[in-house]
Amino acid sequence: VTSHDVVGMVRRRFHERQVGHGGTLDPDATGVLVVAVGNATRLLRFVEATRKRYTGEVVLGTATTTLDASGEVTGTWDMAAVTVDDARRVVAERLLGDIDQVPPMVSALKQGGVRLHELARQGIEVERPPRRVHIARFDVAPGPEAGVLAIDVECSPGTYIRSLADDLGRLLGGGAHLRNLRRLAVGRFTIDAAGPPDTAPLLPVETAVAHLPRVDLAEPGAVHVAQGRVLDAAEYGFAGDGPWAVFGPDRLLAVYEAFRPPGAVKPAVVLPQQAPEDAADR
């Protein structure tokens, strides 16, 4: 099942064409996929910008074309002497904090308007510039069998766990690939609160921006926000760097972000006015 398949399931469930997901999950992976319905799709970029958590297994001694268990083997090494402590040392020295990562050819990134995985299926490999990502936590433990490491990673958006597995194998003097990838969290959306596409709870729209600083406005400020006006930050109570979730007396109105000149804020997304009974469904 692909992320696109899940979107199709949710479309059919709610008879709603406007459905999107907040960050592709590999077909071979399991776990959390945040799906938005209706006007909530306009807020997905704020969901995508949050930290992710994954678990998985790194199989030492075998590299593959896809960097995971679905690919063809490209090389094998005898890595029986590698220990968990060896892996932890490499992670601490080379794979924590800000690192540069080359996106894999099997990713959903676009280059020249074409997704990389579509090029990979045609046997085409193109140069991909490295991207800076942040690895906040990378725990390594013994896996379920010899030659396999269990990993638990918290990272910035845009991080490829299969690339981390490949990097770890190379840094340990051989090769490796990823298997059993599971996404446990996307920001505040965790596996404990998730469900299958046909039964997962439909949450209020403001859940998508619950991690953002909140600004509550009464009239006439709420009217100005609903109209999409640029506002003076100090006058309306916007503090910090933003973005901010802006609420009126009874609902989420918009998400605002910093604007020039300094001290001004502008709308990033303004939600259409809805009847209260519809708001939770969109």
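The legends below describe close-up views of one predicted model. Residues are numbered from 1 along each chain as its sequence is written, and side-chain values use heavy atoms, with hydrogens and water left out. In this predicted model, local features need pLDDT of at least 70 and side-chain atom pairs count only at pLDDT 80 or more, whereas totals for chains, interfaces and linings use all residues.

**View 1. Confidence along the chain.** The mean pLDDT of the chain is 90, and 88% of its residues reach 70 or more; pLDDT is the predictor's confidence in each residue, from 0 to 100. Over residues 275-282 pLDDT stays under 50. Where pLDDT is low, the predicted coordinates should not be read in detail.

**View 2. The largest nonpolar core.** This core has 34 residues, and those with the most contacts inside it are Phe138, Ile161 and Leu168. A nonpolar core is a set of buried Ala, Val, Leu, Ile, Met, Phe, Trp, Tyr and Cys residues joined through side-chain atoms within 4.5 Å, where buried means under 20% relative accessible area, exposed over 50% and partly exposed in between (1.4 Å probe, protein chains only). Beyond its neighbours within four places in sequence, isoleucine 161 is in contact (heavy atoms within 4.5 Å) with Tyr54, Ile151, Val153, Cys155, Leu178 and Leu181.

View 3. Helices (H or I, at least four residues) and strands (E, at least two) are DSSP runs, numbered from the N terminus. Of the 11 residues of H5, 9 are buried, so this helix is largely enclosed by the rest of the structure. The cover over its buried residues includes E4, H3, strand E7 (97-101), E10, E11 and E12. Just after H5, glycine 173 takes a positive phi of about 95°.

View 4. The side chains of arginine 162 and aspartate 68 meet in a salt bridge (3.3 Å, N to O), a term for a side-chain nitrogen of Lys or Arg within 4 Å of a carboxyl oxygen of Asp or Glu. Arginine 162 lies in helix H5 and aspartate 68 in the loop between strand E5 (62-64) and strand E6 (73-76), 94 residues apart. Arginine 162 counts as buried at 8% relative accessibility, and aspartate 68 is buried with a relative accessible area of 9%.

View 5. Arginine 170 and aspartate 167 meet through their side chains in a salt bridge (2.3 Å, N to O); being 3 residues apart in helix H5, they are separated by about one helical turn. Arginine 170 is partly exposed, with a relative accessible area of 47%, whereas aspartate 167 is buried, at 15%.
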